[in-house]
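The sequence and structure follow.

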Amino acid sequence: MDQVVRGLLRAKKAVAFTGAGISAESGIPTFRGEGGVWDKYPPSRFGNLLGLSWEWLVNPGRVKDFIKDVLEAFLQAQPNPAHLALGRLEALRILKSVITQNIDNLHEKGGCHKVIKIHGSLDRARCSRCGALRLMGDQGLREIVQNLEMRKGRRVGFLKWLGYLLGECESCGGRMRPDIVFFYEALPMDAWSQAMAEAQSCDLMLVIGTSGIVYPAAQIPFLAKRAGAEIVEINQDVSPLSRIATYRIEGPAGETMGKLFSLLESKNFREWG
Ligand code: APR
């Protein structure tokens, strides 16, 4: 911890790369592992649009359960000490950006302003035709949860049903879809190029709560490492990224980041900086 705090105080540009583990203490389940999203809803059926379209034909109730579970977890979650610590590190101008694979909005709620969301954002809808984005916010998502049961939807295909739920595009009248990246889809180009640029120009990267097995996202810490950055991994478990970590802190992200920030704030450590 001491060495990581010294590293943060020394860093000219610290960047964070986060995954589902950072939001676990906020009550949002991770994807993998026991009790994870993919445990309950296998990714072959629920993690991609083709799988979801098929599931919708044979078991629409299960698709609605999936959407409801994901949205309710999102709506109930509040930032935990890890999100808040990153927000405060940004306010101190130590942290320059957060690159996240998460589709929740807890980094923003935790006080971070430069959040690069490489897997999209659950509270945004995107037009399938012209690409226009619409922020739905918590209120929009609450309405979707309420409307899930009102839309019978057995007779229409999954994407059309989603379009009914999300409404038409205000710019071109096209069909809206969630602005998130499903398996087999490309990452949003702007976010991905920004993420690569941030990784290649930082001198310290906090890698928090990611299994590091989903590509291309997992390339980010490797890009930072190759550019000479120190890598600090904070995770409950060992991951494939552990081998490139300069420092590893094994433990829950919220608790660990809370302690790390208190240590950084303490006068002694400021003097070290
Ligand atoms: N604190 C720190 N780490 C934790 C905690 C916690 N409280 N709880 C779990 N972890 C760790 C796990 O050990 C694991 O390494 O967080 C990681 C979570 O891994 P995943 O569930 O695979 O989440 P993530 O790495 O974000 O997944 C990447 O996979 O399915 C896709 O698009 C989805 O963005 C997601 C991507």
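## Domain interface

Across the interface of domain 1 and domain 2, 1 salt bridge is found by the rule. The side chains of Lys109 and Asp138 meet in a salt bridge, with 3.1 Å from N to O. By class, the side of domain 1 that touches domain 2 consists of 5 nonpolar, 4 polar and 2 charged residues.

The model is predicted. Contact between the domains involves 11 residues of domain 1 and 9 residues of domain 2. Together the two domains bury about 860 Å² between them, and 58% of this lies on carbon and sulfur atoms. On the domain 1 side, Ala20, Ile103 and Asn105 lose the most area to domain 2, together 46% of what that side buries.

## Domain layout

The domain assignment divides the chain into domain 1 (1-26 + 79-119 + 187-273) and domain 2 (29-76 + 122-180). Their C-alpha centres lie 29 Å apart.

## Ligand site

The ligand is surrounded by 22 residues, the closest being Ala20, Arg32, Thr210, Ser211 and Asp237. Each of domain 1 and domain 2 supplies at least three residues to this shell. By class, the shell holds 8 nonpolar, 11 polar and 3 charged residues.

One of Phe31 lies 2.8 Å from a ligand oxygen atom. For ligand nitrogen atoms, the distance is 2.8 Å from a backbone N or O atom of Ala253 and 3.4 Å from one of Gln236. Taken alone, the ligand exposes 730 Å², of which the protein buries 91%.

Terms used: Residues are numbered from 1 along each chain as its sequence is written. This is a predicted model: local features need pLDDT of at least 70, side-chain atom pairs count only at pLDDT 80 or more; totals for chains, interfaces and linings use all residues. Side-chain values use heavy atoms; hydrogens and water are left out. A residue is near a molecule or strand if one of its heavy atoms lies within 4 Å of it. A polar contact is a pair of N or O atoms within 3.5 Å; within protein, one must be able to donate a hydrogen and the other to accept it, and residues adjacent in sequence count only if both atoms are side-chain atoms. Accessible areas come from the Shrake-Rupley method with a 1.4 Å probe; for residues, only the protein chains shown count as cover. Ala, Val, Leu, Ile, Met, Phe, Trp, Tyr, Cys and Pro count as nonpolar, Asp, Glu, Lys and Arg as charged, and the others, Gly among them, as polar. Domain bounds come from an automatic or database domain assignment. Contact means heavy atoms within 4.5 Å. Buried area is the accessible area (1.4 Å probe) that two parts lose on being put together, summed over both. A salt bridge is a side-chain nitrogen of Lys or Arg within 4 Å of a carboxyl oxygen of Asp or Glu.
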